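Please look through the model below with me. My notes follow as numbered points.

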Protein chains: 2
Amino acid sequence: MGYRVAVVGATGAVGQEMIRQLERSVLPIDELIPMASARSAGKTVEFRGQAVVVREATPEAFAGVDLALFSAGGSTSRALAREAVRRGAIVVDNSSAFRMEPDVPLVVPEVNAEALAEHKGLIANPNCSTIQMVVALHPLRVRYGIKRVIVSTYQAVSGAGARATAALREESGKWLAGEGYVPEALPVASLPVKYPIADNVIPQIDRFEPNGFTFEEMKMVRETQKIFGDPSIEVAATCVRVPVTVGHSEAVTVEFERPPASLEEVVDALRAAKGVVVWDDPTAQRYPTPMLVRGERDVYVGRIRRDLVRENVLHLWIVADNLVKGAAWNAVEIAETLEARGLLGRA
Amino acid sequence: MGYRVAVVGATGAVGQEMIRQLERSVLPIDELIPMASARSAGKTVEFRGQAVVVREATPEAFAGVDLALFSAGGSTSRALAREAVRRGAIVVDNSSAFRMEPDVPLVVPEVNAEALAEHKGLIANPNCSTIQMVVALHPLRVRYGIKRVIVSTYQAVSGAGARATAALREESGKWLAGEGYVPEALPVASLPVKYPIADNVIPQIDRFEPNGFTFEEMKMVRETQKIFGDPSIEVAATCVRVPVTVGHSEAVTVEFERPPASLEEVVDALRAAKGVVVWDDPTAQRYPTPMLVRGERDVYVGRIRRDLVRENVLHLWIVADNLVKGAAWNAVEIAETLEARGLLGRA
């Protein structure tokens with residue numbers, strides 16, 4: 001009666017977290033099938049106390065798979081996701097390969113679960129920084145309408161993969177020891193110029209587009225518009241890597257169509273929203289930080305304050321675990337939502 | 001013919017940097033007089049290759065002093081700055097004690113040197129995050145007028161003093177070793193709640209005001225308005241501490257009265273501005289980071305891009321050494337400007 005669930009990229013940082021989230025999931029799982037590149041095939045991963053051997057991800061490996069969660073990069077997704085769908089699997093893809101395709105729902109269950117109804121086997125998981133922002137903005141958008149969002153991010157290195165996380169630790173050790181080193185991991189492993197991340201911040205995540213924004217910044221623009229189903233929402237992002245292993249933070253300024261009646265009303269709306277936790281008490285110095293939210297599925301909001309001048313503008317501080325809500329949990333939550341709506345069974 | 005120059009708080013992080021900047025200064029200096037609290041009196045500091053004994057800062061110690069640079073915190077400034085002026089010294093104060101007083105010029109020489117003409121012996125050095133922002137915005141304000149600024153900061157721990165810098169190193173060592181620890185330095189040493197800064201970011205700098213903004217955020221509002229001489233400029237700030245020892249970064253969105261004709265015009269205006277260096281070449285992954293600007297007197301600007309929708313809006317990334325341009329060099333530059341304008345000699 002349970003599902004056969006594949007995790008593609010099972011040995012990566014997000015793949016590992018997907019397996020942890022599947023262990024905690026209400027989905028009935030008969031078999032977990034970890035997959036990875038030929039290089040990682042043969043390794044084992046642990047699922048519910050058992051070691052499971054990682055298989056090579058090939059088109060044929062998806063025969064009999066009901067659900068496949070992909071997190072092995074865009075090229076793997078482009079090569080294999082549609083192959084998996086062709087063999088009857090429903091795919092939730094964490095890469096950016098299909099997010100903007102018109103026939104692929106881009107889903108954050110707290111925000112636009114209804115988009116799942118039209119899926120054609122392939123569903124895209126949004127970018128980590130987009131997910132946490134739209135979860136926090138959704139309850140406010142419903143009430144006040146959103147004209148414009150300006151966001152500056154403080155993004156953890158784990159968003160760039162396990163290698164970048166290892167680099168932060170290695171560089172930090174050398175920085176403390178006063179030893180020189182050649183940075184190798186960030187901002188983008190495949191681009192020529194590298195900068196240290198220990199004792200530094202880097203205002204580049206992903207490649208630059210011709211308009212001067214990075215691809216990460218443009219993801220926040222385009223994905224927010226698609227998830228909210230409103231291409232008129234203005235989004236301006238500056239995405240910055242900080243020396244933090246896990247947990248993305250965002251300083252967000254939001255301009256509404258209609259001014260909130262009071263800050264209390266805003267806080268109440270956030271508190272009532274699924275997937276949102278409000279930690280906001282200046283007198284107690286209470287606000288979220290990346291370290292405080294690690295391992296949590298929710299999105300944490302603090303520093304909620306009205307603009308000093310404009311009554312339709314608010315400022316917020318939004319923090320979430322980028323590997324959990326920003327990737328693995330959102331993907332598993334999509335699968336749980338499909339199941340709850342009868343959309344996961346094979347045709 | 002030279003001046004007798006006191007540095008109050010000479011053993012602190014900014015005081016030490018003030019002495020370095022005075023060593024490089026064109027000011028004729030006959031004697032450097034390092035001062036500090038009774039606790040630090042008797043220590044020695046180095047000036048131009050000579051060890052100089054630190055004196056206790058008392059009202060009487062300022063007899064015969066021509067110029068006193070204060071960086072020993074607000075309470076020392078409140079206790080001693082006017083005493084020094086009374087004894088004939090001109091004081092440049094780096095604390096927030098006098099910045100908003102109407103008869104005290106608040107000066108960034110590249111922006112409002114003309115305010116020095118009205119000084120009454122006491123001149124205030126602005127907050128570090130304000131200085132670098134107004135230096136970069138000034139040439140744009142002159143051309144286009146500024147309606148509104150939205151800024152998110154990435155501030156180094158050295159802004160909170162030598163103790164916070166030591167804490168980042170100690171915490172980082174324990175984080176790498178997997179050892180637990182009790183954070184003791186940040187966000188504010190004198191407030192009850194502390195958070196780790198290693199592997200974390202903290203969205204609080206200084207105390208909270210009743211409006212939900214921190215004092216640091218309100219400094220950026222009020223000081224920007226005073227330096228630009230325009231209380232109608234809207235500023236909204238989110239100030240965040242990041243695990244970086246030296247170098248503040250700022251993601252700035254600026255809304256002009258009149259749209260720039262082109263991005264080239266903006267870049268040319270910034271390149272021509274005193275104290276500004278443009279590092280902005282996305283194809284070469286060129287932009288400033290805190291590590292790249294350490295020890296530099298200039299303010300570095302990169303990631304210059306037009307808003308995707310609004311032609312009167314720009315986005316910028318502004319980085320400077322918070323101890324140098326954000327504190328010590330700005331103070332020494334004020335003194336050099338006073339001297340050049342014949343405003344430093346005793347009456």
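1. A:Ala185 touches A:Ala160, A:Arg163, A:Ala164, A:Ala167 and A:Lys194, leaving out residues up to four places away in sequence. Touching, or being in contact, takes C-beta atoms, placed from the backbone, within 7 Å of each other.

2. A:Ala185 counts as buried because it has 21 C-beta neighbours inside 10 Å. The cut-offs: buried takes 20 or more other C-beta atoms within 10 Å of the residue's own, exposed takes 12 or fewer, and partly exposed is in between, with C-beta atoms placed from the backbone. A:Ala185 sits in the loop between H5 and helix H6 (215–228) of chain A. Helices (H or I, at least four residues) and strands (E, at least two) are DSSP runs, numbered from the N terminus.

3. A word on the source. This is a predicted model, in which local features need pLDDT of at least 70, side-chain atom pairs count only at pLDDT 80 or more, and totals for chains, interfaces and linings use all residues. Residues are numbered from 1 along each chain as its sequence is written, while chains are lettered from A and ligands numbered from 1 in the order in which they are written.

4. Now the sheet. Six strands of chain A form an open sheet, ordered S5-S2-S1-S6-S7-S8, with parallel pairing. Two strands pair if DSSP finds at least two bridges between them. At the edges are S5 (55–56) and S8 (122–124) of chain A, each pairing on one side only. S7 (90–93) of chain A pairs with S8(A) over three bridges. Here A:Asp93 stands opposite A:Ala124.

5. Which strands does helix H1 of chain A lie across? H1 (13–23) lies across S1 (3–8), S2 (29–36) and S6 (67–70) of chain A, at about 155° to S1(A). Axes are lines fitted to C-alpha atoms, for helices over the stretch in contact, and angles run from 0 to 180 degrees between N-to-C directions.

6. Next, the two chains. In chain A, 47 residues are in contact with 47 residues of chain B. H5(A) gives the most to this side of chain A, with four residues.

7. A rotation of 180° with 0.0 Å of shift along its axis superposes chain A on chain B, at RMSD 0.0 Å. That is the relation of a two-fold axis.

Methods:
Two residues are in contact if their C-beta atoms, placed from the backbone, lie within 7 Å. Copies are superposed by least squares on the C-alpha atoms of residues with pLDDT of at least 70 in both.
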